[in-house]
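Let's take a friendly walk through a protein model. Please have a look at the sequence and the structure before reading on.

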Amino acid sequence: MSLTATSRRPARSTRLTAAAIATPFVLGAVLTGCSAGQVTQTAEKRPSVEGEQGEVGDLKVLNAHFVAPTDEGKYQAGDTVEIEFVVTSDGPTDELTSIDVDGAPATIVGASSIEIPAGDHVIVGENGDVTVEATMTDEVYPSALIPVTFTFAEAGELEIELPIAASLDEIPRDPDQTYSPEEGGGH
């Protein structure tokens, strides 16, 4: 009887070891299945960081960009466009006194300037307390870079080129378009 019990243990132990080794490989193959020809959920999302950044003095302008166009996928000359950004301060209180977009003044809606509190930040645009609007001088498409000058009372001027954001939610899809592995659409 002890001979039978002893011979079963190594066989059972070997099967358990084999199962423990094979499980991650099988699970990995199932979880990473081929998605060729599928439109993923992330293909419909806006990038989390789409803007430019720069710093002058103790101030940093972060994620600065023009809001994505919704009509026709572009902006026409004369269209009013919102600018979104965050300004952080690692120093004393300062004030954003003006913004020039391609040489023309932008409008700080409802105010003449934006106060940047000492050691704090201000969100401008979506979900922020203040809005800045600019008028496009030319027809522009997403990803175009437009020169913008931020002027602060104490820190001075910051010149950076801001992109027109792309809204991936607005990209039309051709319902007749299909993909196959033979066309290089996946594996």
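**Around Asp 94**

Setting aside neighbours within four places in sequence, Asp 94 is in contact (heavy atoms within 4.5 Å) with Leu 59, Ile 114, Glu 115, Ile 116, Phe 152, Ala 153, Glu 154 and Ala 155. This is a predicted model, where local features need pLDDT of at least 70, side-chain atom pairs count only at pLDDT 80 or more, and totals for chains, interfaces and linings use all residues. Residues are numbered from 1 along each chain as its sequence is written, and side-chain values use heavy atoms, leaving out hydrogens and water.

Where does the side chain of Asp 94 reach? A polar atom of this side chain lies 3.3 Å from the backbone nitrogen of Ala 153, and the side chain also reaches the backbone nitrogen of Ala 155 at 2.9 Å.

Asp 94 belongs to strand β4, residues 94-101; strands here are DSSP runs (E, at least two residues), numbered from the N terminus. Which strands does β4 pair with, given that pairing takes at least two bridges found by DSSP? With β7 (residues 114-116), β4 pairs in the antiparallel sense over 3 bridges, and Leu 96 has Ile 114 as its bridge partner there. Strand β10 (residues 145-152) also runs antiparallel to β4, joined by 5 bridges; in β10, Phe 150 partners Ile 99.

Finally, follow β4 to its hairpin. β4 and β5 form this hairpin with 2 residues between them, and 2 bridges join the antiparallel pair. In the turn, Asp 102 has a positive phi of about 55 degrees.

Note on methods
Helix = DSSP H or I, 4+ residues; strand = E, 2+ residues; numbered from the N terminus. Polar contact = N/O pair within 3.5 Å; in protein donor to acceptor, adjacent residues only side chain to side chain. Pairing = 2+ DSSP bridges.
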